[in-house]
Amino acid sequence: MSRSLHLAAPLAVVVASGCTGVLGGSPLDETPPPPAAAQCDATPALTKPRIWRLTNSQLANTLRDEFDVQPAALANLPKEARLDGFANQASDMRVAPLLAEVYFALGEELGAHALQNPDKFGIDCDVASLAPGSCLDGFVSETGKKLWRRPLSATEVASFSALFTKTAAHGEGPAGGVKSVVQALLMSPSSLHRTELGTVKDAGAVTPLTDHEIASALSYMLWDSAPDAELTALADQGELRDRSVILAQAERMFEAHEKAAPAMNHFFEQWLELENLSNAVKDASVFPMATPELAADLKEELRLLTNSVLFDAGADRRFDSLFSGTYAFVNERTAPLYGLSGVTGDAMVRHELDPAQRRGIFTSLPFLWGHSHSQDTALVGRGAYFRAEVLCHRVVLPPGGVPNAGRFAEPGATGRQRLGIHASPGCAGCHNLFDGIGFALESYDPIGRYRTLDQGQTIDASGNLPLPSEQNALPGIAFENFVELVDELAQKPDVYGCFAQQFAAYASGYDLPKLDACEKERLAGEFARSQHAIDQLVLSVIASPSFTDRRN
């Protein structure tokens with residue numbers, strides 16, 4: 001797959017002397033248009049069976065929820081790097097040697113925790129007297145079920161009981177046996193991976209996922225953690241092939257805000273590419289107010305904003321509120337950046353903003369701060385991000401060796417003037433697709449403050465935006481500023497359809513181009529009919545045939 005342009009991409013990379021093409025239906029577009037509706041009437045496409053490694057957060061949440069422990073070794077997990085799409089893409093989640101070493105250390109800590117808290121691991125007898133028999137089998141069965149998210153077979157229980165006996169005889173006695181069994185259970189692929197294999201092995205056949213696989217699919221999608229007791233009991237009883245039961249459980253789990261909210265926050269952080277917001281350092285000589293405390297405030301603001309749309313009392317759960325709302329959560333450090341006065345204290349409070357200056361999440365401080373360089377606004381990166389992740393139209397990077405646009409501008413030039421070279425024939429084919437968005441966002445400086453001047457000159461925030469829904473034909477939407485652009489986009493299908501696809505990609509662990517075109521069309525249509533209700537989008541994804549079935 002070709003790399004797409006992302007935020008804060010160096011100008012030397014994205015000033016596209018080699019980025020040419022015809023707007024609409026061109027090689028610039030990695031995501032092909034959906035087929036005609038008549039072509040989507042056939043049997044829904046099903047993905048292949050797979051195994052899917054747990055993300056760092058899923059592993060940490062599982063250990064916390066199942067055993068009430070947060071091992072110190074979690075801090076050593078390698079960061080989950082990503083280029084296009086979300087960090088949970090199954091095809092990219094391999095177990096490298098460094099990661100395996102951390103898993104080994106986690107197993108050691110979890111084994112020590114078992115000795116200190118035997119009741120959490122199903123050990124109903126004194127550890128010192130643990131020996132082959134019912135107590136040992138109970139320990140293996142309960143710990144294994146928590147880690148593997150399914151019951152162990154009698155053969156599997158016997159195998160780990162034998163491991164206990166062997167290691168107890170050659171190590172630290174029963175305590176050593178307990179630690180070895182716990183570590184082996186944790187490091188098993190059945191623990192560190194989710195299976196989506198079903199039970200049918202015939203080539204070309206549909207294989208229904210098992211009830212326990214469905215339970216894991218629900219819990220890791222909605223909670224980023226293992227199934228709870230109620231969901232596990234339904235899986236044990238074979239009830240989760242019933243779609244009405246699945247949807248009822250999904251509604252129950254979404255309403256469990258203490259678990260659902262962090263998981264949805266994680267999705268929004270990744271979609272907005274703000275999961276590393278705290279590391280978006282600003283030049284202190286230019287922005288002395290940009291302290292680590294302020295960056296932490298913005299991370300909290302993002303959390304409160306998404307929760308206000310989805311989980312707070314009275315929340316309408318509509319994407320429109322996130323996309324075009326006119327409020328923010330501020331404290332005495334962040335309020336001045338919004339031009340607000342009279343706000344005191346550290347607590348974040350909801351405050352209405354000037355609707356002529358702010359409109360939705362993309363004019364919020366967290367987004368603007370996170371999509372800027374340390375000294376300037378990353379004009380191209382902001383526009384390219386919006387094109388790729390908000391309109392779902394990825395534009396491939398140009399060839400290397402493209403000169404820095406700043407070399408062709410006079411000293412003191414505005415951002416728009418510096419990028420005037422993009423109007424040249426070799427550049428316009430790509431940059432007409434997203435530079436207009438970047439120009440509109442020039443009304444906001446690198447820490448998110450609204451401004452009217454750049455380099456002492458009045459900012460020209462006007463532009464045009466060709467839309468994927470209109471085959472990227474010029475001139476597209478004409479606007480005077482970013483607020484006007486948001487208001488215009490709110491009347492079009494592009495942003496809403498893209499958001500539905502983005503959540504489907506996150507939920508399924510597949511990158512956007514790999515999602516079935518008919519499935520994307522279905523989800524976008526249902527999302528529109530629900531008046532862009534995000535909770536209904538979640539249910540639409542779960543109601544898909546591909547949520548419970550695979551094809552060999």
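Predicted model: local features only at pLDDT ≥ 70, side-chain atom pairs only at ≥ 80, totals over all residues.
When residues up to four places away in sequence are not counted, phenylalanine 362 touches Trp271, Leu272, Phe323, Phe367, Leu368, Tyr385, Phe386, Val390, Leu441 and Phe482.

Helix 21 (residues 517-529) has 13 residues and should span 18 Å at 1.5 Å a residue, in agreement with the 19 Å between its end C-alpha atoms. Its N-terminal end is capped by aspartate 516, a side-chain oxygen of which lies 3.3 Å from the backbone nitrogen of cysteine 518. The buried residues of helix 21, namely Glu519, Lys520, Leu523, Gly525 and Phe527, pack against helix 13 (319-324), helix 20 and helix 22 (534-543). Just after helix 21, glutamine 531 adopts a positive phi of about 60°.

The aromatic pairs number 26. The rings of phenylalanine 67 and phenylalanine 121 are stacked, because their centres are 4.5 Å apart and their planes lie at 15°. Since phenylalanine 67 belongs to helix 2 (residues 56-67) and phenylalanine 121 to the loop between helix 3 (97-116) and helix 4 (134-148), this pair ties together parts that are 54 residues apart in sequence. Phenylalanine 67 is buried, at 0% relative accessibility, and phenylalanine 121 is likewise buried at 0%. The rings of tryptophan 148 and phenylalanine 160, by contrast, have centres 5.7 Å apart and planes at 75°, so this pair is edge-to-face.

Conventions: Residues numbered from 1 in each chain as written. Heavy atoms only, no water. Contact = heavy atoms within 4.5 Å. Helix = DSSP H or I, 4+ residues; strand = E, 2+ residues; numbered from the N terminus. Expected span 1.5 Å × (residues − 1). Buried < 20%, exposed > 50% of the residue type's maximum accessible area, 1.4 Å probe, protein only. Polar contact = N/O pair within 3.5 Å; in protein donor to acceptor, adjacent residues only side chain to side chain. Phe/Tyr/Trp six-rings, centres within 6.5 Å; stacked < 30°, edge-to-face > 60°.
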